[in-house]
Amino acid sequence: MAHALRLAERGLFTTQPNPRVGCVIAHGERVVGQGWHQRAGQPHAEVYALREAGEQARGATAYVTLEPCAHHGRTPPCADALIAAGVGRVVIAAEDPFPQVAGKGMEKLCAAGIAVESGLMRDAARAINIGFFSRIERHRPWVRVKLAMSLDGRTALANGASTWITGEAARADVQRWRARSSAILTGVGTVLADNPQLTVRLTPSPTCSREGLGWDEANFAASSSNTTPALSCEQGRGQALAPVPPLRVVLDRRLRTPAGSHILDGQTPTLLLHAADATFPDDRFTHVECAAVAERGDALDLSAVLTMLAKRDCSELHVEAGPTLCGALFAAGLVDELLLYVAPVMLGDAARPLLHLPALTDMAARWHLHVIDQRQVGVDWRIRLRPQA
């Protein structure tokens, strides 16, 4: 199952909006087939593994990181494929909460006389698809806020200059977090100040890495192993799988995004969210989608924004915004994870703060977070934190 999980991680940048899934078929400790899901609409992990196993799948055990599907979508049910191949046992890491699957895959396998077990390495399997589970179970994406700051907790000079607080390695690392996301969110203030592109800029390697991902960033997944065997030619050796471009989302309540902004260039799918009574100034928004969203006070309703994105199959939402929007997400209890880059520099008291949060009068009201990972990235430090329940 650990090997199946490493296979699933190979789809980290490419399976959106589908979950990342890996499958290993084995007789005892002898692996006869392996596969991973690459892209929505293409074969699932079980199908690739069964093709590689061939007749050796009969009587074997299939280790799958997510419950096999039992319905006809863009591909046939994987439960049917496992039954037809004659596997004797299926071990599942995590049950699939998607309503069209949700236990039906296991029921179909059991009805065919196949021994089924579930729960092996469940937490690790859910972690790989943390956004998928959030979208299905909580009806909103997993919200990951990325911030970069100096040692004295500042994000930009008083005049707004922030290029660059962190080093090249940290900026490259951010691109990989973007690549695994369904959407990248920012506010119009950031658009006005920085004119960001909000795209994924990764360089494909000429040939596949030995992990089979096809990108120099194949080792990005924290639990990937350099000893994972390469996949069969059928699953992409010699190909470079481009990430699925995340949706760019801009909160622009009064449609103030200026003409000529990068986010209006039509180069990647873009959604501008605005107030229902906002006035369109001209035809500058021709190449992007605009949608009205409910307001709360003098701002867009952030909960409504997340609900809308979940309905658009957004699983992991990567936020790159200023202290006002990021602070509002924190204050509303909508941040699931903080991706914080700390640079060994000082910007001084006049520089801009990390977040705008409500003033506290009691230390008991302070925001508590716990560190889940910290590591050096070039000259900087990356700290991942999550709010304590």
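The largest pocket is lined by 46 residues, and Thr190, Asp194, Glu320, Ala321 and Gly322 lie nearest its centre. This is a predicted model, in which local features need pLDDT of at least 70, side-chain atom pairs count only at pLDDT 80 or more, and totals for chains, interfaces and linings use all residues. Residues are numbered from 1 along each chain as its sequence is written, and side-chain values use heavy atoms, with hydrogens and water left out.

**Largest pocket**

- The volume of the largest pocket is about 1,500 Å³. A pocket is an open set of points on a 1 Å grid over the protein atoms alone, with protein on both sides within 12 Å along at least five of seven lines; lining residues have an atom within 4 Å of a point. Volume is the space filled by probe spheres set on the points, with grid points joined across faces, edges and corners.
- Elements giving two or more residues to the lining of the largest pocket are β6 (142–150), β7 (154–156), α7 (168–179), α8 (188–194), β13 (299–300) and α10 (323–331). Helices (H or I, at least four residues) and strands (E, at least two) are DSSP runs, numbered from the N terminus.
- The lining of the largest pocket has 20 nonpolar, 15 polar and eleven charged residues. Nonpolar means Ala, Val, Leu, Ile, Met, Phe, Trp, Tyr, Cys and Pro; charged means Asp, Glu, Lys and Arg; the others, Gly among them, are polar.

**Cavities**

- The whole structure holds three cavities of 30 Å³ or more. In a cavity, a 1.4 Å probe fits but cannot get out.
- The largest cavity has a volume of about 140 Å³. Its lining has 20 residues, with Thr15, Gln16, Asn18, Arg20 and Arg180 closest to the centre.
- By class, the lining of the largest cavity has eight nonpolar, nine polar and three charged residues.

**Helix packing: α2 with α3**

- Helix α2 (residues 45–53) packs on helix α3 (residues 78–85) at about 20°, with axes 9 Å apart. Axes are lines fitted to C-alpha atoms, for helices over the stretch in contact, and angles run from 0 to 180 degrees between N-to-C directions.
- α2 and α3 are therefore roughly parallel to each other (angles under 35 degrees).
- Their crossing is left-handed: the near helix is turned anticlockwise from the far one by less than a right angle, while clockwise is right-handed.
- Glu46, Val47 and Leu50 of α2 meet Cys78, Ala81, Leu82 and Ala85 of α3, where contact means heavy atoms within 4.5 Å. The residues of this contact are six nonpolar, no polar and one charged.

**Helix packing: α3 with α4**

- α3 and helix α4 (residues 104–111) cross at roughly 20°, and their axes come within 9 Å. The two are therefore roughly parallel to each other.
- The crossing of α3 and α4 is right-handed.
- Ala79, Asp80, Leu82 and Ile83 in α3 meet Gly105, Lys108 and Leu109 in α4. Four of these residues are nonpolar, one is polar and two are charged.

**Backbone**

- Most residues other than glycine have a negative phi, and most peptide bonds are trans.
- The peptide bond from glutamine 16 to proline 17 is cis, with omega near 5°. Proline 17 sits in the loop between α1 (2–9) and β1 (22–27).
- Alanine 102 has a positive phi of about 20°. Its place is in the loop between β4 (89–94) and α4.

Terms used: Angles under 35 degrees count as roughly parallel, over 145 as roughly antiparallel, 65 to 115 as roughly perpendicular and the rest as oblique.
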